[in-house]
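Me: Please take a close look at a single part of the structure shown here. Plain description will do.

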Amino acid sequence: MTGETTTEETEVPPGESPAECPYCGRPLESEELLVLHEGIDHWDRLDDERREAFRETYQRENDDLRTFRLKLLGLLVLVYFVFLFVYSWETTDPYSVVTVIPV
Ligand SMILES: [Zn+2]
């Protein structure tokens, strides 16, 4: 947990950032992102409570990513079968799927 993220120049209108890093002043969009940023960039300076919060948030982020990937996989399978059926209805190939499925 020592990799510092690159410092990018950001410009946030005053009063627009609900969370700001107490260590480097970086504005962040939400409390959750602040916890993740602290855990990644300022791990050494965190107390046990903040570290625990980071672990929980990180875990939740991983679960969200897994759910997202599963949904994408489901969508991919759906698109695959849609193309397969369109192909099988439109083709005159005697070996196409249409001849195998009794209609
Ligand atoms: Zn920071």
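The part to describe is helix α2, residues 48–90.

Reply: This is a predicted model, in which local features need pLDDT of at least 70, side-chain atom pairs count only at pLDDT 80 or more, and totals for chains, interfaces and linings use all residues. Residues are numbered from 1 along each chain as its sequence is written.

The protein has 3 helices and 2 strands, in the order β-β-α-α-α from the N terminus; helices (H or I, at least four residues) and strands (E, at least two) are DSSP runs numbered from that end. The 43 residues of α2 should span 63 Å at 1.5 Å a residue, and its end C-alpha atoms are 63 Å apart, which agrees; the expected span is 1.5 Å times one less than the number of residues.

Of these 43 residues, 1 is buried, so α2 lies largely in the open. Buried means that 20 or more other C-beta atoms, placed from the backbone, lie within 10 Å of a residue's own. Across the 103 residues of the protein, 5% are buried.

Helix α1 (residues 31–41) packs on α2 at about 115 degrees, with the axes 9 Å apart. Axes are lines fitted to C-alpha atoms over the stretch in contact, and angles run from 0 to 180 degrees between N-to-C directions. The two helices, α1 and α2, are therefore roughly perpendicular, a term for 65 to 115 degrees. On the α1 side E32, V35, L36, E38 and G39 meet R50, R51, A53, F54, T57, Y58 and E61 of α2, contact being C-beta atoms, placed from the backbone, within 7 Å.

An unreviewed UniProt entry annotates residues 70–89 as "transmembrane region"; such annotations may be inferred rather than shown by experiment, and positions follow the numbering used here. Residues 70–89 are 100% helix and 0% strand, with end C-alpha atoms 29 Å apart.

Notes. A residue is buried if 20 or more other C-beta atoms lie within 10 Å of its own, exposed if 12 or fewer, and partly exposed in between; C-beta atoms are placed from the backbone. Angles under 35 degrees count as roughly parallel, over 145 as roughly antiparallel, 65 to 115 as roughly perpendicular and the rest as oblique. Two residues are in contact if their C-beta atoms, placed from the backbone, lie within 7 Å.
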